Every structure is written in C-alpha cells, then in structure tokens.
Amino acid sequence: MSFQNPVFIPGPTNMPESIRKACDMPTIDHRSPLFGQILHPARANVQKVLKSANAEVFIFPSTGTGGWETAITNTLSAGDTVLAARNGMFSHRWIDMCQRHGLDVQIVETPWGHGLPANRYAEALAADKGHKIKAVLATHNETATGVKSDIAAVRAALDAADHPALLFVDGVSSIGSMNFEFDAWGVDIAVTGSQKGFMLPAGLAILGFSAKARAATKTAGLPRTFFDVNDMAKGYDNSAFPYTPPVGLMNGLLLASDMLLREGLDNVFARHTRIASGIRAAVHAWGLELCAATPDLYSDTVSAIRTPAGFNATEIVNHAASAYGVAFGTGLGEVAGKVFRIGHLGSMTDVMALSGIATAEMCMVDLGLDIKLGSGVAAAQDHYRRTTGQALKDAA
C-alpha cells in the first residue's frame, strides 16, 4: 500500500506531518518539570475541545477501549445495573465489557442504522423507581454504521425522570471532529482516543470526568490498578504519571489540540460537515444509500455505504487496497459484507476527499457495479465548489 495516499478508514486517521514530528522527540526525564510543560497544557486544551469549564481530564496510555474500562471500573461495582442501547458494533462491545466486569446490563435492542432511542431510555428510567440503574451508556457516533445520536435527548430523558444515574458517552469517533458539549449535555464521563479527531497514532485513552463521576470513585468496587483515576490525579499533582508516560504521544496531543483550537472548533466542525456532505452527494449520484436510516442521523466522520443486495461490499475494500493502494473500512458485525465505509475525519480536506471518492468509484466500476465513472466525483466537486469559503464570499 502506498504511503503517499491518504487513508479513508474511520481511524487511525491521517497525520499532519507536524504532529508526526512532534511525537518523534528525544528522550526526556518524564519526572522533570519539562514533562509538566507538556502534560498540563495538553489537559487544558482537551478540556476546551470537550467544551467544558469543569471536566477533569485524564489521559492513559491505551485506546478508546481502555477509556471505556476506565469509565466503568472507576465508578461502578459488581452487580450494578447499567442501561445501554445496542445499535452497532461499538455499543455492542461496550455492553460486552460491562458484562465481563459483572455488571447487569439492561439492553435496549435497536436496529443497526438507527440512533439511540431516547424515548425508550426515558421509559426505562421512569420505570426505575428504586434507581437501580447506576449509569446510562450512550455511543455518540456509531462508527460501524455511520450513525450519530442525540446525546442532549438522552440527558433530557435522565432529567425528566429525575434520575441520578451517571451519563457515560463514547465519543471516540466524534470528539475533535463533531460538536461535543460536555457541560451543556450533562455528560459525566466522555471517552475518546488519540487516533481519531486528534490525528495522532493510537496509544492514548482520553477522558473527561464530571465532579459527580469523580465522587463515584470513592464507592466503586470494581478492581482497577493501571486505570485508577485517583492514582493518576496524584501523579498529575506532581506533573507526572503514576508510571512511565508516553511522552512523545503527549507532546503530539499538545500540538494536535493546539491546532484544533487555532482552527477554531466551529470551523473544525463545519469542515467535517462540508466534507461529509460532499461524500453523501457522491453516494446519491451513484444511486446508493447510506446505512444511517435518516438524514438527521448522518455522521460527519464516517459514511457506511450500502451496496446492492448480493454484492459483497468487502470486495471494494480489498480491491482498493490491492489495485490502488488506498484503504477504506469494511463492514462490521451485522453489516459485514453489506457496507463499505469511507472515513472522513481528522486531517482531511476537500481535495483529499475527492481522491477517496474517485478511488471508490473506480473500484465499483472495476467490479461491475452499475456506476457511471465520474458521477460521484462531479457531485462532490459541485458541492465543494459551492461551499468553500471563497465561493460563499463571492455569493455575498
């Protein structure tokens, strides 16, 4: 596979050269004041990306999955009940983790391609008069199906029932790329990773904790050592980790978060929306459909594209890799072989997106699908021309 081509998987994402170089740094004494000059500004920047004034940011050497484990082990005890919808592969994996930790998961089965059913959450919470449910799990952006969900509606369900459960949000493929409102949505724990919107290699689990979530660590009975946030907080007080930190990745996170904030979060989100909308225009021009059931569910970071019945969508991914040296995402779980995925998050521009659209188009034509070569590219070009900053200025 050519390293000159961008990747179009939903993570790890393309890395700007400046971020790659920031991670490639000489060894420093991680117990010296120099590390504190990386650690504290990076945590402060992440807090801003979360749109929070009060979230306590924790960063572990791990991935988003380690972030999920951090959330549950620091706040819950064996036998606790949690409420979760299963609407895709990653919500399924979070449920599986909870069950492995001895939690009682109240599962709301939801068709893949649909968002979180806030109305069914509301019913379950209202019925829980004894407040057995200790946490509500919500996947903001289901990467397997290209579906975003309304986290504010989940918070509203909690508030309407006057329910004290914690709200945990998987923002792995949304934070840093799509609007995320930690404070406004009343999130108690947000989880993400370094390899998505932050444009870094995999290796960091990044979390925001509310004061309520921190208080829950005092009574939580699940075992944790490596992922203990209280140990980590003590380390931060001394500008350190409780063990050896991934200094290069932390330095990369500092630069990556600086870059997001310099671009302006609203500009970052608008860029992702514009790029995603161009890809959706291409999908429409191809005569295909997205896995997401309705437009309000369309993700701005990944598009899962359904192929015609009887056609194995994985062939597109395999052909793109072997013939053109380009990476797309395969379908996962219930949609394996039924969709292929175009990731369009992180370090991504209109021009990069066009190359991915063109490659997908060539692959589908090569494999005999009834696609007109150039149709999707033209549709995306038209969208990008009409929505660039210069075009909007000219129109004004």
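In this predicted model, strand 1 and strand 9 (residues 204–209) are joined by six bridges and run antiparallel. Pro-61 has Leu-204 of strand 9 opposite to it. Helix 8 (residues 229–237) packs on the sheet here, where it touches strand 1 and strand 9, and its direction makes about 100 degrees with that of strand 1.

The two strands belong to an open sheet of seven strands in the order 1-9-8-7-4-2-3, in which the pairing is mixed. Strand 1 (56–61) and strand 3 (104–109) are the edges; each has a single partner strand, so one side of each has no neighbour in the sheet. On average, and with direction ignored, neighbouring strands of this sheet are turned by 20 degrees against each other.

The buried residues of helix 6 (residues 151–160) are Ile-151, Val-154, Arg-155, Ala-157 and Leu-158. They lie on the same side of the helix, because the arc they cover around the axis is only 155 degrees. In an α-helix, residues three or four places apart point the same way, because there are 3.6 residues a turn. The packing partners of the buried residues of helix 6 are helix 5 (118–127), strand 4 (133–139) and strand 7 (166–170). At the N-terminal end, helix 6 is capped by Asp-150, which has a side-chain oxygen 3.1 Å from the backbone nitrogen of Ala-152. After helix 6 comes Asp-162, with a positive phi near 50 degrees.

A further open sheet consists of four strands in the order 10-11-13-12, with antiparallel pairing. Its edge strands are strand 10 (289–290) and strand 12 (329–330), each of which pairs on one side only. Strand 11 (residues 302–306) and strand 13 (residues 339–343) run antiparallel and are joined by five bridges. Within strand 13, Ile-342 is the bridge partner of Ser-303. Helix 10 (residues 265–286) packs on this sheet and touches strand 10, strand 11 and strand 13; the direction of helix 10 makes about 5 degrees with that of strand 11.

The structure holds twelve aromatic pairs. Two of them are set out below.

| Pair | Centre to centre | Angle between planes | Geometry |
|---|---|---|---|
| Phe-58 and Phe-209 | 5.3 Å | 80 degrees | edge-to-face |
| Phe-328 and Phe-340 | 6.2 Å | 70 degrees | edge-to-face |

Phe-58 is in strand 1 and Phe-209 in strand 9, so this pair ties together parts that are 151 residues apart in sequence. Phe-58 and Phe-209 are both buried. The other pair links parts twelve residues apart in sequence, because Phe-328 is in the loop between helix 11 (314–324) and strand 12, while Phe-340 is in strand 13. Phe-328 and Phe-340 are both buried. Ring pairs also build a cluster, whose members include Phe-35, Phe-58, Phe-60, Phe-209 and Tyr-236.

Asp-366 is located in helix 12 (residues 350–366). Is this residue buried, partly exposed or exposed? Asp-366 counts as partly exposed because its relative accessibility is 42%, which falls between the limits of 20% for buried and 50% for exposed. Beyond its neighbours within four places in sequence, Asp-366 contacts His-319 and Tyr-324. Asp-366 and Glu-315 are 51 residues apart in sequence, and their C-alpha atoms are 11 Å apart in space.

Technical notes: Residues are numbered from 1 along each chain as its sequence is written. Side-chain values use heavy atoms; hydrogens and water are left out. Buried means under 20% relative accessible area, exposed over 50%, partly exposed in between (1.4 Å probe, protein chains only). The arc is that of the directions from the helix axis to the C-beta atoms. Contact means heavy atoms within 4.5 Å. A polar contact is a pair of N or O atoms within 3.5 Å; within protein, one must be able to donate a hydrogen and the other to accept it, and residues adjacent in sequence count only if both atoms are side-chain atoms. Two strands pair if DSSP finds at least two bridges between them. Axes are lines fitted to C-alpha atoms, for helices over the stretch in contact, and angles run from 0 to 180 degrees between N-to-C directions. Rings of Phe, Tyr and Trp (its six-membered ring) pair if their centres lie within 6.5 Å; planes under 30 degrees apart count as stacked, over 60 as edge-to-face and the rest as tilted.
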